[in-house]
Amino acid sequence: MKPVSELLKKHDGTLWHVTPDMTVYAAVEKLARLDAGALLVMDGDRLAGVFSERDYTRKITLAGRNSKETLVSEIMTANVITVNATTRTRECMSLMSARKIRHLPVIEGERVLGMISIRDIMDDIIADHEHTIASLESYIQS
């Protein structure tokens, strides 16, 4: 399995994020526009948390709150589990499964490098399997 830094290359250094002082409604609009399940919450250059669809459904919809009046800082996940660029994808998958999360911010010291999703890991696993199958088929045919 590869290090997370390899998966981040597909994101072209883009840090999709919202700020803690945005309304939840604006953050959900951004999730929809980007077709994403979660966004980093950045306070300047500092990672403040993660805002996800799960935060919205559980802390706004089910709680009967108003998304146009509630700030991201009020419902975001603040105690974020992170990994670094050298963390292997297998370890990320285990961590995501054990903690029941779908997104992991990637940091190096205090610097945020990006965020990977379970989809990124699954796409990588599928690509690895397809490569292995192609290699075995080539070996068998030669």
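**Figure 1. T89 in helix α5.** T89 lies in helix α5, which spans residues 89–99. Helices are DSSP runs of H or I with at least four residues, strands are runs of E with at least two, and both are numbered from the N terminus. The model is predicted: local features need pLDDT of at least 70 and side-chain atom pairs count only at pLDDT 80 or more, while totals for chains, interfaces and linings use all residues. Residues are numbered from 1 along each chain as its sequence is written, and side-chain values use heavy atoms, with hydrogens and water left out. Is T89 buried or exposed? T89 has a relative accessible area of 0% and is buried (buried means under 20% relative accessible area, exposed over 50%, partly exposed in between, with a 1.4 Å probe and protein chains only). Apart from neighbours within four places in sequence, T89 touches M1, K2, L7, I121 and D124 (contact means heavy atoms within 4.5 Å).

Figure 2. Strands β4 (residues 103–108) and β5 run antiparallel and are joined by six bridges; two strands pair if DSSP finds at least two bridges between them. L104 has I116 of β5 as its bridge partner. Two residues separate the strands of this hairpin, and G109 in the turn has a positive phi of about 70°. Strand β5 covers residues 111–117, and five of its seven residues are buried.

**Figure 3. The open sheet of β1, β2 and β3.** Three strands make up an open sheet with mixed pairing, in the order β1-β2-β3. Because β1 (17–18) and β3 (46–52) each have a single partner strand, they stand at the edges, and one side of each is left without a neighbour in the sheet. Strand β2 (residues 38–43) runs antiparallel to β3, with six bridges between them. D43 is placed opposite R46 in β3. In general, strands of a sheet pair through backbone hydrogen bonds, either parallel or antiparallel.

**Figure 4. The chain around these views.** The chain has six helices and five strands, in the order α-β-α-β-β-α-α-α-β-β-α from the N terminus. Its C-alpha atoms fill a box of roughly 65 × 30 × 30 Å along the principal axes. Of the 142 residues, 33% count as buried. Among contacts between residues at least 6 apart in sequence, 54% join residues at least 24 apart.
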